[in-house]
Amino acid sequence: MQNKDHMKPVLIEHEEIKLIGIPCISLKDMKSKYENAKESLFAISQHLPQVVNERIHYGIWPITELQDHPETHAYILCVEVKSYDGIPEWFTKITLPKQSCVVVANNDHDFNAAGEALYSFVEKNNLELSSNGREYRICEKYDYDVDGYERYSLPIVS
């Protein structure tokens with residue numbers, strides 16, 4: 001993660017990214033589910049040479065109407081991998097296509113405050129965001145080496 005300024009929106013571009021993750025289903029006890037997924041990723045990733053950086057996690061959401069319901073909401077905590085070769089079958093495997101996004105770093109890990117800054121920037125700059133028929137979107141990124149948190153927009157339409 002680049003050291004981004006707190007609450008300053010920036011445009012970023014990701015090439016295609018391969019992720020493996022652990023799903024957390026239902027908003028009930030989500031904090032506990034997230035912590036279990038995080039600790040599991042830390043423990044397992046160090047044994048998988050395909051993992052790019054075990055200390056950087058992405059939080060992604062499926063793009064579906066089911067996300068609007070607390071009992072069917074899904075959050076998938078992921079790490080990036082170079083390939084899926086040798087990855088245990090029980091991991092969720094997701095390849096996200098190339099995308100440009102608006103990203104806001106927030107030192108307090110405040111999802112809502114970062115979202116307000118993000119969408120204010122989108123509106124001021126007349127950017128169009130869309131899921132573009134994608135199945136998943138990045139919602140956030142954590143870099144545990146620098147205690148970094150970033151909130152992501154939907155991809156920017158070219």
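Colleague: How many residues has helix H2, and what span does H2 reach from its first C-alpha to its last?

Modeller: This is a predicted model, in which local features need pLDDT of at least 70 and side-chain atom pairs count only at pLDDT 80 or more, while totals for chains, interfaces and linings use all residues. Residues are numbered from 1 along each chain as its sequence is written, and side-chain values use heavy atoms, without hydrogens and water. Helices (H or I, at least four residues) and strands (E, at least two) are DSSP runs numbered from the N terminus. The expected span is 1.5 Å times one less than the number of residues, and H2 (residues 111–124), with 14 residues, comes close to the expected 20 Å by reaching 20 Å.

Colleague: Which strands do the buried residues of H2 pack against?

Modeller: Buried means under 20% relative accessible area, exposed over 50% and partly exposed in between (1.4 Å probe, protein chains only). The buried residues of H2 are Ala-114, Gly-115, Ala-117, Leu-118 and Val-122. They lie on the same side of H2 because they cover an arc of only 165 degrees around the axis, taken from the directions from the helix axis to the C-beta atoms. With contact meaning heavy atoms within 4.5 Å, these buried residues pack against strand E6 (99–105) and strand E8 (148–152).

Colleague: Which residue of E7 is the bridge partner of Gly-59?

Modeller: Strands pair if DSSP finds at least two bridges between them. Strand E3 (residues 56–62) runs antiparallel to E7, joined by seven bridges. The bridge partner of Gly-59 in E7 is Glu-140.
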